[in-house]
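Please look over the sequence and the structure shown here before reading the notes that accompany them.

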Amino acid sequence: MTDIDGSKSVGALDRIEEIIAYVEQAKAVPMSRACKVDRAEMIAMLEELQNELPGDLRRAEAMLQERDSIINAGEREAERIIAEGESEHARLVSRHEITVSAEHEGNRIIAEARGEAQRLRDEVDEYVDTTLANFEQFLHRALSGVERGRDKMHTLREIGSFAPAQQEQFEDEKPLPQL
């Protein structure tokens, strides 16, 4: 993801990958599947992720507003073209000598305007569909990453709860934070 100024920014998915890597690289507790993580560092990483997600959601909302704006502009342009065509049609029809040709030309302009309006609508719909599909994939990956992280944390917590003798052995160590 690149910011407006061209610098590289870390997105929510990247932040999730960092947290997973942090947990995977955490120092293992001997004779268990548990690991030791710095609580403050883990909380800081999760808070950063929490702060980034609203930004991603705001960007998605902005995309939807942009889509609506494009659709509205296309509809206004189509209405203008149709009105122009109907106006031209009415002007041509009013002339007695060219009534027949005016009707044909007006109908052609209206059909052309309607075709152009439909083409614009189709392009906007395709753009919006593609954008929303990309955002859906992003959210799916983000949720999958969060789910994997939670599963790992639950697994680590369960492993720790089934080894009471090992817990007594490491009483002086800080436990994993409870979510």
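The report below describes a predicted model, taking in turn a threonine, an aromatic pair and a cavity.

## Thr131 in helix α3

Helix α3 covers residues 99-161, and Thr131 is one of the residues within it. Thr131 has a relative accessibility of 14%, and because the cut-off for a buried residue is under 20%, Thr131 counts as buried. The side chain of Thr131 makes a contact with the backbone of the chain, reaching the backbone oxygen of Tyr127 at 2.9 Å.

## The aromatic pair

When the whole structure is searched, one aromatic pair is found. The ring centres of Phe135 and Phe138 are 5.9 Å apart and the ring planes stand at 25 degrees, so this pair is classed as stacked, given that planes under 30 degrees apart count as such.

Both phenylalanines belong to helix α3, where Phe135 and Phe138 are three residues apart, or about one turn of the helix. Phe135 is buried, with 15% relative accessible area, and Phe138, at 13% relative accessibility, is likewise counted as buried.

## The second largest cavity

Sorted by class, the lining of the second largest cavity consists of three nonpolar residues, one polar residue and two charged residues.

How values were computed:
Residues numbered from 1 in each chain as written. Predicted model: local features only at pLDDT ≥ 70, side-chain atom pairs only at ≥ 80, totals over all residues. Heavy atoms only, no water. Helix = DSSP H or I, 4+ residues; strand = E, 2+ residues; numbered from the N terminus. Buried < 20%, exposed > 50% of the residue type's maximum accessible area, 1.4 Å probe, protein only. Polar contact = N/O pair within 3.5 Å; in protein donor to acceptor, adjacent residues only side chain to side chain. Phe/Tyr/Trp six-rings, centres within 6.5 Å; stacked < 30°, edge-to-face > 60°. Nonpolar A, V, L, I, M, F, W, Y, C, P; charged D, E, K, R; others polar.
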